Amino acid sequence: MPDRFGPRGTIAIVIPLQNANMQPEYEAMQPAGINNQVYRFDIAAHDNAAAAILDAVPGSRLCWPDMIISAVSLEMHAWSHERQAAFRAAFAERAEDTPFALATDATEAALRALGAKRIGILAPMSAEHSKTAQSYYEAAGFAVPYTASLGIERSQDIIKVTLDQIRAGFASINHDDVDTLVHVGGALGIVDMIEDLEARFGKPVVSVNAAAYWYALRTLGVADAMPGFGRLLILPTAAG
């Protein structure tokens, strides 16, 4: 018998204990018939986020999900495609037979689905985070001529960032030679701003939380157009 709260699928979403915006963002995007279940882990040690996520995966399987989302932009933390491949394999081992979507993979898939070639990247905290993400996506074949960060020093202060600060951050990476604007670092909640940002700057905006949920739903076979969250969530498949 299907889950009566999620007849189309149950999704376990693994997010940090310290994060205050991801849960309401995923709830806002939630299609009818999907059951979101949130599992939290401690990300106080940012450099050890990957290990903390992997420790949380077995617990996330206890709600018998049809899909697991790991919602953290690991490419902000001295990451590489080799490390991502190893993390993906370790995640698969812990997920056993449950399908999963990793935020970093989802962001790359979203860029390819939108046909992105030259991108600008915005991160909420340090310039190092945006530069590390720049290296990751350049290695994936994208040109990344511009990056910016909002300079937030403490994780607990990200939730206090104003809409004007976010718009200014995107404006700093919006140049004529960029076709797509990218936000990494899911603690900065912007899914309700994506349509406004796309209208303001005239190009697609890929935000990690929207990308991760879109990728998970499409992998699960849920192809609903989800208006109100930008161009990406209208796309029916995760194919580039």
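**Notebook: salt bridges, sheets and core**

I looked up Glu 96 and found it exposed, with a relative accessible area of 52%. I use buried for under 20% relative accessible area, exposed for over 50% and partly exposed for values in between, with a 1.4 Å probe and protein chains only.

The model is predicted: local features need pLDDT of at least 70, side-chain atom pairs count only at pLDDT 80 or more, and totals for chains, interfaces and linings use all residues. Residues are numbered from 1 along each chain as its sequence is written, and side-chain values use heavy atoms, with hydrogens and water left out.

**Entry 1: salt bridges**

I count a salt bridge when a side-chain nitrogen of Lys or Arg lies within 4 Å of a carboxyl oxygen of Asp or Glu. The structure holds ten of them.

Glu 96 meets Arg 61 in a salt bridge at 2.9 Å, N to O. This pair links distant parts of the chain, 35 residues apart: Glu 96 is in the loop between H3 and S4, and Arg 61 is in the loop between H2 and S3. My element labels are DSSP runs numbered from the N terminus, with helices (H or I) of at least four residues and strands (E) of at least two. Arg 61 counts as partly exposed, at 25% relative accessibility.

I then checked Arg 112, which forms a salt bridge with Glu 108; the closest N and O atoms are 2.9 Å apart. Arg 112 and Glu 108 are four residues apart in helix H4 (residues 103-113), so about one helical turn separates them. Arg 112 is partly exposed at 39% relative accessible area, while Glu 108 is buried at 16%.

Arg 231 pairs with Glu 198, where the closest N and O atoms are 3.9 Å apart. I placed Arg 231 in the segment after helix H8 (208-220) and Glu 198 in helix H7 (residues 194-201), 33 residues apart, which links distant parts of the chain. Arg 231 is partly exposed at 39% relative accessibility, and Glu 198 is buried at 8%.

Which residues are linked in a network of salt bridges? I noted Asp 164, Arg 167, Asp 196 and Arg 200.

**Entry 2: the four-stranded sheet**

I traced an open sheet of four strands in the order S2-S1-S3-S4, with parallel pairing. Two strands pair if DSSP finds at least two bridges between them. Strand S2 (34-41) and strand S4 (100-102) are the edge strands, each pairing on one side only. From one strand to the next the twist averages 20°.

Strand S3 (residues 67-70) is joined to S4 by three bridges, and the two run parallel. Ile 69 has Ala 101 in S4 as its bridge partner.

I also looked at what lies across this sheet. Helix H2 (residues 49-60) lies across strand S1 (9-16), S2 and S3, at about 130° to S2. Helix H3 (residues 81-95) lies across S3 and S4, at about 155° to S4. These angles run from 0 to 180 degrees between N-to-C directions, with axes fitted to C-alpha atoms, for helices over the stretch in contact.

**Entry 3: strand S5**

Is strand S5 (residues 118-123) enclosed or open? Five of its six residues are buried, so S5 is largely enclosed by the rest of the structure.

S5 pairs with strand S6 (residues 143-149) in the parallel sense over five bridges. The chain passes from S5 through helix H5 (residues 127-139) to S6 in a right-handed β-α-β crossover; the path over the helix runs clockwise with the strands pointing away from the viewer. Ala 123 stands opposite Ser 149 in S6.

S5 also pairs with strand S7 (residues 180-183), in the parallel sense, over four bridges. Leu 122 stands opposite Ala 148 in S6 and opposite His 183 in S7.

**Entry 4: the core**

I define a nonpolar core as a set of buried Ala, Val, Leu, Ile, Met, Phe, Trp, Tyr and Cys residues joined through side-chain atoms within 4.5 Å. The largest has 84 residues, of which Ile 69, Phe 91, Tyr 137 and Phe 170 touch the most other members.

I listed contacts (heavy atoms within 4.5 Å) for Phe 170. Leaving aside neighbours within four places in sequence, Phe 170 is in contact with Leu 122, Leu 181, Val 182, His 183, Ile 190, Leu 197, Phe 201 and Val 205.
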